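Let's take a walk through this model, one piece at a time. Have the coordinates open in your viewer and follow along.

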Amino acid sequence: MEILFDETFTPRDQAKVDIEDRGYQFGDGIYEVIRVYGGKMFCLEPHLQRLQRSTSEIRLQLPYSLERLKQLLQELVQNNHLTDGNVYLQVSRGTAPRNHKFPENTRPMVVAYTMEAPRPVKMLDEGIHTITDPDIRWLRCDIKSLNLLGAVMSKQKAADRGCEEAILHRDGRVTEGSSTNVFLVKDGTLITHPADHLILHGITRQVVLELAAELNWPVEERAASIEELFRADEVFITSTTTEVTPVISIDGRTVSDGKPGPMTRRLQKAFAERIGVGSLQ
Ligand code: PMP
């Protein structure tokens, strides 16, 4: 397998990051995960736009143009013969003697590689179990930063309880999942947290909002309370890797009758059409 390392392709065992890479020491960098279906990157443009926004918010300049990066990512997917999987891409502020403030004259470090991954059809079909957990992350969750410790702690807590995701809440309001956006359905209306500084502006969340608009479904972008979460008719999570995944229980309590709901199913169907596969399988 080849790795995109700065601007060149390198075999996996030769791609080494320095101990003073700022991504490694400070989490000083940003990342993206892009889904590949049938050898083609899905929603590549929105991912690149979000990458650019993340870099500019942390005052990091890409070492080359976005257009060049796009071309390199396409080559990476081709070189690795990836048909179904993910591209992981990260940009750190580069390597410099350890010091919190920005280094001068340091080239940011781009690393990207591919992973084969089938669509998570079992989860999509059966739904997942979740827990709730206080959102202890910082106040710029809109930046796709390498600092993921809050998310890591929440996801592990979920795993410890035999669950797949932690639904986070701040001051009694649902924000998002540890690595996903969260949607509620109540009386035919979709409810999801507004795309502000408290959540990541998920690309899949945006696709779902577009699909909902096409279906003429009412949508409220607002922070739902924890009580509303437990009383919702349906709950689902979205992300690049989990698509539209039904939530069937929260803290051991079933969502409605404990089966994926009809609006979630309808969105899954619309999503599958959008990515060019006919059904869940
Ligand atoms: N929220 C968080 C905290 C995430 O880490 C992610 C993706 N990993 C998402 C939402 C979903 O974003 P996307 O649909 O762009 O993958």
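**Helices, cores and a ligand shell**

Just after H3, histidine 81 takes a positive phi of about 50°. Before going further, some housekeeping: this is a predicted model, where local features need pLDDT of at least 70, side-chain atom pairs count only at pLDDT 80 or more, and totals for chains, interfaces and linings use all residues. Numbering starts from 1 along each chain, following the sequence as written. Helices (H or I, at least four residues) and strands (E, at least two) are DSSP runs, numbered from the N terminus.

Back to H3 itself, which covers residues 66-79. Its 14 residues reach 20 Å from first C-alpha to last, close to the 20 Å expected at 1.5 Å a residue (the expected span is 1.5 Å times one less than the number of residues). Leu69, Leu73, Leu76 and Val77 are its buried residues. Here "buried" means that 20 or more other C-beta atoms lie within 10 Å of a residue's own, "exposed" means 12 or fewer, and "partly exposed" is in between, with C-beta atoms placed from the backbone. Those four buried residues of H3 are Leu69, Leu73, Leu76 and Val77, and they sit on the same side of H3 because they cover an arc of only 95° around the axis (the arc is that of the directions from the helix axis to the C-beta atoms). An α-helix has 3.6 residues a turn, so residues three or four places apart point the same way. On the other side of H3, Glu67, Arg68, Gln71 and Gln78 are exposed. The buried residues of H3 pack against strands E1 (2-5), E3, E4 (40-41), E5 and E6 (109-116); contact here means C-beta atoms, placed from the backbone, within 7 Å.

Now for H2, residues 44-57. This helix also has its buried residues: His47, Arg50, Leu51, Ser54 and Thr55. They cover an arc of only 135° around the axis, which puts them on the same side of H2. Their cover includes strand E3 (29-37), strand E5 (85-92) and helix H6 (203-214). Just after H2, arginine 59 has a positive phi of about 55°.

Next stop, H8. Thr264, Leu267 and Gln268 are buried in H8, and since they cover an arc of only 105° around the axis, they lie on the same side of it. Pro262 and Glu273 are exposed on the other side of H8. What covers the buried residues of H8 includes helix H4 (121-126), H6, E13 and E14. Glycine 276 follows H8, with a positive phi near 90°.

So what sits in the largest nonpolar core? It has 32 residues, and those with the most contacts inside it are Ile167, Phe183, Leu184, Val208, Leu229, Val235 and Val247. (A nonpolar core is a set of buried Ala, Val, Leu, Ile, Met, Phe, Trp, Tyr and Cys residues joined through C-beta atoms within 7 Å.) H6 gives the most to this core, with five residues. In soluble globular proteins, nonpolar side chains tend to be buried together.

Zoom in on phenylalanine 183, in strand E10 (residues 181-186). Phenylalanine 183 counts as buried because it has 28 C-beta neighbours inside 10 Å. Not counting residues up to four places away in sequence, it touches Leu190, Ile191, Thr192, Val208, Val235, Phe236 and Thr238. Its C-alpha is 7.9 Å from that of histidine 193, ten residues apart along the chain.

H6 turns up again at the ligand. There, 14 residues form the surroundings, the closest being Leu200, Gly202, Ile203, Thr204 and Thr240 (a residue is near a molecule if its C-beta atom, placed from the backbone, lies within 6 Å of it). H6 and strand E13 (234-239) are the elements that give two or more residues to this shell, and H6 gives the most, with three.

Glutamate 243, in strand E14, has a positive phi near 50°. Buried or exposed? Aspartate 171 is exposed, with 10 other C-beta atoms within 10 Å, whereas glutamate 243 is buried, with 26.

Conventions. Two residues are in contact if their C-beta atoms, placed from the backbone, lie within 7 Å.
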